[in-house]
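User: I'm new to this and would like to learn how to read a structure. Could you walk me through a few features, one at a time?

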Amino acid sequence: MRIPLRTLGKVALALALSALAGCGDDEGGTTTTGGEVPRKPMFLVANSRGDNVLRFEQDTGALVDVFIPKGTGGLFHPDSMTLGPEGDLYIASGDTPETSAVLRFDSSTGAFYGEFANGGGLHRPYGIAFGPDGRLYVASFLTDQILRYDGKTGDFIDVFKEGDGMPGGLNGPNGLLFGPDEKLYVTTQGSVAENGTPMFPGLPSQVLRIDVTTGEMVVFADQPALSDAGHGYISLLGLAYGPDCNAGLCELYVSDFANDIRRYDFTMGTLLGTIATNYTGSSPSGNYLGGLSFGDGGRIFTVGFDVDDTKGNPGTVLRFEADGTPVPASGQSGAVLVKADARLARPIGILALP
């Protein structure tokens, strides 16, 4: 019964949204005269303090809608997002053992399908990634572990990797990404969790590479130099590989919570360049940085937020070409696509939709 009910739900919600929108051309389709309506590329932003997900146009940065309303399905402090093999949207949610889970939604309508994966000691899920082995890998940040779940049922399988409090270890795992080489790339904050609290004993923030077949784990990229306008530390976060990931041309892009995006050669781990993400003009920067995602035209979308908690940490979306050239929205400066907006409440996760 599950598939028919989901199908009916999609149809009903799509009809309702179309009626409300008048023409429903955001998703593309056919006009009343039979002509094709161009699809408008979108991206999603997860508000880690708004407990919701907003949808925007990639071209203009215009807010389309509240794609997933506050608290839907228990959505709480959402972080990273990914699309599953079947095209559904998966979101890391929760910050306690009781609330921590990966939730599943319809990627076209935002309809909630259920809690997909939890348990196994999961505590504050950050990065999530489906592997070539059909399993879901989840970074359990506050236990310094990577957990595995069945990619179809969500059933817990095992603790795949865990930290040891040593350099080169799984210390504060954050972003997860499977590369074209089918190996798992992981960013670490350099923290060690003690009773659900991250401690900072001076470990480096690194990018690790794991062969999920053999379990071999190596340091792909060591902690880089501090950002010129950063906050005096490094906290590597988001991962994405470039649009031209052909043999010999592939690049890995890594965002730093304390500012900047760094580009690495995917084969050697060599640092190729740095993209400045300080949009406040101050030094140190007045903003932190969340994840990143590649959208239409091979452009980078990343999200940041104001460092001032008293203002509610309003978020800003930046856009760059793959080489780091800023691509602002009309009337904006620098790389600003969506200027600081209180509706973006400490946003971390961002996902460009295909």
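Analyst: Happy to. Let's start with a cut-off: a residue counts as buried when its relative accessible area is under 20%. Keep in mind that this is a predicted model.

User: Let me try that out. Is Tyr253 buried or exposed, going by its relative accessibility?

Analyst: Tyr253 has a relative accessibility of 3%, so it counts as buried. Phe294, with a relative accessible area of 16%, is buried too.

User: And how do I read a pair of aromatic rings?

Analyst: You describe such a pair by how far apart the ring centres are and by the angle between the planes. This structure holds 18 aromatic pairs. Take Phe220 and Tyr264: their centres are 6.4 Å apart and their planes make an angle of 65°, which is an edge-to-face arrangement. Phe220 belongs to strand β19 (residues 217-221) and Tyr264 to strand β22 (residues 261-265), so this pair ties together parts lying 44 residues apart in sequence. Phe220 is buried at 8% relative accessibility, and Tyr264 is buried at 3%.

User: What about Tyr253 and Phe294, what kind of pair do they form?

Analyst: Tyr253 and Phe294 also make an edge-to-face pair, with 4.9 Å from centre to centre and 75° between the planes. Here the link runs between distant parts of the chain, 41 residues apart: Tyr253 sits in strand β21 (residues 251-256) and Phe294 in strand β24 (residues 287-294).

User: Which residues form an aromatic cluster?

Analyst: One cluster is made up of Tyr185, Phe220, Tyr241, Tyr264 and Phe266. A ring can have a charge over it as well: the charged end of Lys161 sits over the ring of Phe160, 5.9 Å from the ring centre.

User: Now sheets. How do strands pair?

Analyst: Through backbone hydrogen bonds, in either a parallel or an antiparallel way. For a case here, look at the open sheet of four strands, ordered β5-β4-β3-β28 with antiparallel pairing. Its edges are β5 (63-68) and β28 (347-352); each has a single partner strand, so one side of each has no neighbour in the sheet. On average, neighbouring strands of this sheet are turned by 25° against each other, ignoring direction. Strand β3 (residues 42-47) is joined to β28 by five bridges, and the two run antiparallel. Within β28, Ile350 is the residue opposite Val45.

User: Where do the side chains of a strand point?

Analyst: In a regular strand they alternate between the two faces of the sheet.

User: Which strands pair with β8?

Analyst: Strand β7 (residues 89-93) is joined to β8 by five bridges, running antiparallel, and strand β9 (residues 112-117) pairs with β8 over four bridges, also antiparallel. Arg104 stands opposite Tyr90 on one side and has Gly114 as its bridge partner in β9. β8 and β9 make a hairpin with six residues between them, and Gly110 in that turn has a positive phi of about 85°.

User: Last one: what does Asn174 touch?

Analyst: Leaving out residues up to four places away in sequence, Asn174 touches Tyr126, Gly127, Ala139, Thr187, Leu236 and Leu237. Asn174 lies in strand β14 (residues 173-178) and is buried, with a relative accessible area of 6%.

Conventions. Residues numbered from 1 in each chain as written. Predicted model: local features only at pLDDT ≥ 70, side-chain atom pairs only at ≥ 80, totals over all residues. Heavy atoms only, no water. Phe/Tyr/Trp six-rings, centres within 6.5 Å; stacked < 30°, edge-to-face > 60°. Buried < 20%, exposed > 50% of the residue type's maximum accessible area, 1.4 Å probe, protein only. Lys NZ or Arg CZ within 6 Å of the ring centre and 35° of its normal. Pairing = 2+ DSSP bridges. Axes fitted to C-alpha atoms, helices over the stretch in contact; angles between N-to-C directions. Contact = heavy atoms within 4.5 Å.
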